[in-house]
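Visitor: I would like to learn how to read a few features of a model. Please show me the structure, and we can go through them one at a time.

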There are 2 protein chains.
Amino acid sequence: MKKSAPRNAFYAQSGGVSAVINASACGVIETALRSKKIGKVYAGRHGIIGALTEDLIDCGRESPAVIRGLKYTPAGAFGSARFKLKGLAENRAEYERLIEVFRAHDIGYFFYNGGNDSMDTALKVSQLGASLGYPITCVGVPKTVDNDLPHTDCCPGFGSVAKYVAVSTREAALDVASMARTSTKVFVMEVMGRHAGWIAAAAGLAGKGEREPPHIILLPEVPFDQQRFLARVKQCVTDCGYCVIVVSEGAAYPDGRFLADAGTKDAFGHTQLGGVAPVVANMVREAHGYKYHWAVADYLQRAARHIASKVDVEQAYAVGKAAVELGIKGVNAVMPTIVRKAQRPYRWGIGHVPLAEVANKEKKLPPDYIRADGFGITEAARRYLEPLVAGEAYPPYKNGLPDYVHIRGVPVRRRLKTGFKI
Amino acid sequence: MKKSAPRNAFYAQSGGVSAVINASACGVIETALRSKKIGKVYAGRHGIIGALTEDLIDCGRESPAVIRGLKYTPAGAFGSARFKLKGLAENRAEYERLIEVFRAHDIGYFFYNGGNDSMDTALKVSQLGASLGYPITCVGVPKTVDNDLPHTDCCPGFGSVAKYVAVSTREAALDVASMARTSTKVFVMEVMGRHAGWIAAAAGLAGKGEREPPHIILLPEVPFDQQRFLARVKQCVTDCGYCVIVVSEGAAYPDGRFLADAGTKDAFGHTQLGGVAPVVANMVREAHGYKYHWAVADYLQRAARHIASKVDVEQAYAVGKAAVELGIKGVNAVMPTIVRKAQRPYRWGIGHVPLAEVANKEKKLPPDYIRADGFGITEAARRYLEPLVAGEAYPPYKNGLPDYVHIRGVPVRRRLKTGFKI
């Protein structure tokens, strides 16, 4: 009985990157390269765009040390993309092109590493077998710093940004406390999370109770009440001498308008984009005249591999590995999940869920994680968050800087004569 | 022959704090507590204000573990102050009050931990013996993230912020590189340094040459040429696919106007304070339309003890220790300095310099550290900077967060009936 040659695998990174998405890549690639059921392991350069343009990277031609090094290298080593496939009815050409490329390279496994939108793309690809007659096993690999995927206890990428934000809040708060007597009394730090307050909530780990910083967290889940906020700032400066505020970029007025869209104009009269921290800081200055400082962590927070959570790195690797194990068992259209098995000591395992149940869905901060006054987190939130930031997983250093790896990115020879316009 | 009781020591933190100013405190306090030539060791609560208001902390009543823990705790554990003593002629009352408090507590040693302004205060206090007949030995302890004190190879506090900035630039650049194909093409990071570009220059350690990020550094020392800058951004995006810009808060137009004062108004028509990063990012958008992100590190950078430079921590401790050793030898009106003894491998030692030679003076980035095009650093700068960010000195962690110490801050019993209004 002649066995057919194993089919090849395709891996791609999608959406905003994180400190540990490459750790998932490492889990996928190491596991796939070791598997006898998988032939070649290819990655798309810049995600799904690499598939559409037949721009594939041969992972087998990277040194094992570089693949191993992905575990401690932040951002998307293969390039990511913000590119959402439309529905089959709307853009059949893209799906036909995908099949053309997959067929040319005998791709039988599709591992797609991303967030909500990406799980939707993965779901659509998983249906190619049924819809367009091309058999493929498709497994999503969860990744999002926003922590808003449903059916998984947490999302790889979140634990590390949570740790960064909690550490930075604790450190900056010590700075403000030192200076408050004669200088800065209010410090505002802006963090990511346009729709869900998970990242801002993680800042709450920096202190306990209302007297410890951060004194105020502004969450997207809690409609912003300017008067109550300003009163609380004043109370806090009076009681504690200073006030540390962490604001989510998604903080919004009751009518849904983002605080960041507060009508700030630049010199040319254009609405100034981005930056809720300066808006909040100016608001405090207008009302109370306190000296303030503000910070916008932006990409620093999600790229901060130097202060990644060990648990997060391990989970990121594990979901990558599990995706391949599911794939070679022929389990199609699923996403591995993190399952919380015990609280103290924290134990976790891997489960999986149909892609259809996670695609395009968002998990917000549950009400019982938000303190009654809306400005902080509860003990329940603390119990949930604490294990996710546990442990340090320092990268190696060279000359004082993290020695991150770079892939060679050896391209797979093109087999198609046609190109594809993105 | 009866020996007189040893006189007491006063230590205070001054000006903006840093990730390692407490390491200097640790050096001062441990050395002073061990010395038989020094009686009690007191610290001013909120710097010199603590002296003026007779608000003294008894360092001898802190546990040795807490004093040791200061070595890994950022910011000013005793409280700092932005408070500059005027000249004796202008405000004799302050000096008379200082002497009143010092006499009441038999303070014979004054250790003042700060930057340029603070060395000026220390100098004035050192002259109290001659000017007002109160004998005191006064030694400055250098501290400034700005690295702009003259006569010392570097300033404790700088190496750690340099490391933070270089690490963050490297990490964020990997993020932007991942995203650039379909999303963010330009990333702007704002760092401290209102008058000197040392911190911005340190970002240059993240990459080598014009093709590696940071592609553009905007220094206060190089007058900003908008046209040349915008042309370079475009060239960079064309050549590399993306552009990482690090801008010093002190970057300025040829007429000296800060870029940050670019006429941005808030909703009420007031000039918006601070934030050169959004100004630069908007400038790029206006000209080229590239998608951008920007970050303002602000206090996060100077409080980031979690990624402190080991060399910096050791030097911060050493200048504290040296200050006390100079003091007990009766060397008045000096500041310990860091002396670079060898380049590769880097070796350093401690020297000292009269306070009169450092007070109120600023050391800018020398011209040979600035690349000919004004947008980067030279090999000479790299040779200077590299040893200062070397080595990691991680704090201990508990539940995923740095376990920083807090002083008890036991107050010294007041001996004066009079208060003092600041």
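Visitor: Which residue stands opposite A:Ala43 in E2(A)?

Guide: This is a predicted model. In it, A:Tyr11 is the residue opposite A:Ala43 of E2(A). The two strands concerned are E1(A) and strand E2 (residues 38-44) of chain A, which run parallel and are joined by 4 bridges.

Visitor: How many residues of strand E1 of chain A are buried?

Guide: For burial, the count is of neighbours: 20 or more other C-beta atoms within 10 Å make a residue buried. Strand E1 (residues 7-13) of chain A has 5 of its 7 residues buried, and is thus mostly covered.

Visitor: How are two packed helices described?

Guide: By the angle between their axes and the distance between the axes. Take helix H1 (residues 21-34) of chain B and helix H12 (residues 310-328) of chain B: their axes cross at roughly 35° and come within 7 Å. The crossing of H1(B) and H12(B) is right-handed.

Visitor: Which residues meet there, in H1(B) and H12(B)?

Guide: On the H1(B) side they include B:Ala23, B:Cys26 and B:Val28, and on the H12(B) side B:Val313, B:Tyr317 and B:Lys321 are among them. The contact of H1(B) with H12(B) divides into 12 nonpolar, 4 polar and 2 charged residues.

Visitor: What does the domain assignment of chain A give?

Guide: Domain 1 covers 7-144 + 309-361 + 391-402, and domain 2 covers 158-303. The centres of these two domains of chain A, taken over C-alpha atoms, are separated by 34 Å. Their contact takes 11 residues from domain 1 and 7 residues from domain 2. On the domain 1 side, the residues divide into 6 nonpolar, 4 polar and 1 charged.

Conventions:
Residues are numbered from 1 along each chain as its sequence is written. Chains are lettered from A and ligands numbered from 1 in the order in which they are written. This is a predicted model: local features need pLDDT of at least 70, side-chain atom pairs count only at pLDDT 80 or more; totals for chains, interfaces and linings use all residues. Axes are lines fitted to C-alpha atoms, for helices over the stretch in contact, and angles run from 0 to 180 degrees between N-to-C directions. A crossing is left-handed if the near helix is turned anticlockwise from the far one by less than a right angle, and right-handed if clockwise. Two residues are in contact if their C-beta atoms, placed from the backbone, lie within 7 Å. Ala, Val, Leu, Ile, Met, Phe, Trp, Tyr, Cys and Pro count as nonpolar, Asp, Glu, Lys and Arg as charged, and the others, Gly among them, as polar. Domain bounds come from an automatic or database domain assignment. A residue is buried if 20 or more other C-beta atoms lie within 10 Å of its own, exposed if 12 or fewer, and partly exposed in between; C-beta atoms are placed from the backbone. Two strands pair if DSSP finds at least two bridges between them.
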